[in-house]
Amino acid sequence: MTSDKPETPLLDRIRRPADMKALSDRELTQLAHELRAETVSAVSVTGGHLGAGLGVVELTVALHAVFDTPRDKLIWDVGHQCYPHKILTERRDRIRTLRMKDGLSGFTKRKESPYDPFGAAHSSTSISAALGFAVARDLGGVVPEGLGDAIAVIGDGSMSAGMAYEAMNNAGHLGKRLIVILNDNEMSIAPPVGAMSTYLSKLYAEEPFQDFKAAAKGAVSLLPEPFREGAKRAKDILKGMAVGGTLFEQLGFSYLGPIDGHDMDQLLPVLRTVKARATGPILIHVLTKKGKGYAPAESARDKGHATAKFDVITGEQKKAPSNAPSYTRVFADSLLQEAAEDDKICAVTAAMPDGTGLNLFAERYPSRCFDVGIAEQHGVTFSAALAAGGMKPFCAMYSTFLQRGYDQVVHDVAIQRLPVRFAIDRAGLVGADGATHAGSFDIAYLANLPGFVVMAAADEAELKHMVATAAAHDDGPIAFRFPRGEGNGVEMPERGEVLEIGKGRIISEGARVALLSFGTRLAEVEKAAEALTARGIRPTVADARFAKPLDRDLILQLAADHEALITIEEGAVGGFGSHVAQLLADEGVFDTGLKYRSMVLPDIFIDQASPADMYAVAGMNAAEIESKVLNVLGVAQIGEARA
């Protein structure tokens, strides 16, 4: 394998950023070329987020060469782009374990390295974090590496989230020395949405702004002569209005740029000048190209956002052939089928049209599909008002991202009983992205809301029925959850059926113990039931379908007919099993000795691995379900003796 690795004589001498201090500017440019080759080589082996890292190679080298990390806090927004940073910060020897079990995280992670001062995998948190570090520094905070400058690197896509502005507004007010680098690649995962992106394009597309010095409050005078001309290209969107200055200056930032983020001859002098002279908050506007320097990523529509393992020469991804359609695809196709018959159905996503499958909907019904940018709070409230206005909105978000809009789910949707349909993708444990992207909490945080209907699909056919059920449900909010990855290969119905709200189903009748599954663990439950039947214990297997409202009759019947009842769900404590326990307690079932157990995700954040490995850690695969039954019935010994 070693022969496949690129030749990197300079990079081989760099173990940590301090080793770069001795390099000349020309050598730093060469180092960037080698770092790019090493990044491509590593991701070809591991898969992962390629384009974002390639876009910031020069910026990563320049920042680590000019600043003094880890004393200076370098905070990467989201963290998709941190692979080159990891290679330069004492982790090159492990870079080919990215996103694997017991390997490096695909994002920044505090417990992994002092060079990752703040963990991130959701967007738009970096400016808030950098401001926190700057204030901690000025208040005399103590951390092992020391507290120096705070530098946030945030992409133009992440600037579509309100949190970035909340932080900038506060930073401008406090006036602390703080450096924000706007990494403007004009291309987040989906094309960046909205007025902010248009504004950034205008800044450098129009004619030079003559009196730049007045607008930039003297920031241009910090620059060496050759760069003053480039700085003059900054354009003021408010020109001609009574208020002068760019949006950033209105928020209290000095603004510098735009500069070419792939040109070390621009990056290094600007960063050195800012380091030497900045007093308050300063924003440096850097133009980069996602996937830069690797043709297959540059030409891909998503610029190599998330790739499987691939061939370095051709860029061809090595994806295993699929036996069954993905859940995401089934959702997308089912929604199109419903929308063809109902022109009130519309769809809302937050910067993930491809990830949620809504790119297909957008092609067919562009006027009814809305990508609101990385703005889940806005997306949920926008959906609520669409519903109030007589539409049937499907708000499609990953479970982990819907968390960002929780107050809006409560305040704007649930309290007003508005029929927003929440399509919750990436439910349960998701694999290589690890704990930050796990959909562990949505059952618990939605099922406790009055008037909410909460469903989980056991397989892809069930998902199709749930899309139809949600489309037909006008009496308040309704949610359905489904995992990432392939379905089970079950036979698909021609049309989705509208399910009776709050009714589960018996899969197979048995005795002594009932296994009540909520969601896609059903396949593992059935495997466990087979193994138990071979041991002479034939459990009843049921699929709850609904966590809210519960199927009271089904649950109480299972409790009455069996000595033990076990629930299984892909979610944290406080979800489906807790609601079942509450029902059983309220009905006095425990008074007569029912043995009840609830299998949920353990009370830990599970690090990245394959989904099967993660569920093994969680103790929720067929073998663990079987062993739980034997344990509850106290028949493990008999079974073993019989074997």
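**View 1. An open sheet of seven strands in the predicted model.** The strand order is β7-β6-β8-β9-β11-β10-β15, and the pairing is mixed. β7 (369–371) and β15 (546–548) stand at the edges. Each has a single partner strand, so one side of each lacks a neighbour in the sheet. Neighbouring strands are turned against each other by 20 degrees on average, direction ignored.

**View 2. Strands β9 and β11, with helices on the sheet.** β9 (residues 421–425) and β11 (residues 478–481) pair in the parallel sense. Four bridges join them. R421 has I478 of β11 as its bridge partner. Helix α15 (residues 376–388) lies across β6 (345–349), β7, β8 (392–398) and β9. The helix runs at about 165 degrees to β8. Helix α19 (residues 460–472) also packs on the sheet. α19 touches β6, β8, β9, β10 (453–456) and β11, and its direction makes about 170 degrees with that of β11.

View 3. E34 sits in helix α1 (residues 25–46). A salt bridge requires a nitrogen-to-oxygen distance within 4 Å. The E34 side chain instead reaches the backbone nitrogen of L10 at 2.9 Å. Leaving aside neighbours within four places in sequence, E34 is in contact with E7, T8, P9, L10 and L11.

**View 4. The salt bridge between R36 and E58.** The model holds 41 salt bridges. In this one, the side chains meet at 2.9 Å, N to O. R36 belongs to helix α1 and E58 to helix α3 (residues 57–66), so the pair ties together parts 22 residues apart in sequence. Both R36 and E58 are buried.

**View 5. The salt bridge between K73 and E145.** The closest N and O atoms are 3.9 Å apart. K73 lies in strand β1 (residues 73–76), and E145 in the loop between α5 (126–138) and β2 (150–155). The pair therefore ties together parts 72 residues apart in sequence. K73 is buried, at 3% relative accessible area. E145 is partly exposed, at 31%.

View 6. D333 is partly exposed, with a relative accessible area of 34%. R329 is partly exposed too, at 43%.

Technical notes: Residues are numbered from 1 along each chain as its sequence is written. This is a predicted model: local features need pLDDT of at least 70, side-chain atom pairs count only at pLDDT 80 or more; totals for chains, interfaces and linings use all residues. Side-chain values use heavy atoms; hydrogens and water are left out. Two strands pair if DSSP finds at least two bridges between them. Helices (H or I, at least four residues) and strands (E, at least two) are DSSP runs, numbered from the N terminus. Axes are lines fitted to C-alpha atoms, for helices over the stretch in contact, and angles run from 0 to 180 degrees between N-to-C directions. Contact means heavy atoms within 4.5 Å. A polar contact is a pair of N or O atoms within 3.5 Å; within protein, one must be able to donate a hydrogen and the other to accept it, and residues adjacent in sequence count only if both atoms are side-chain atoms. Buried means under 20% relative accessible area, exposed over 50%, partly exposed in between (1.4 Å probe, protein chains only).
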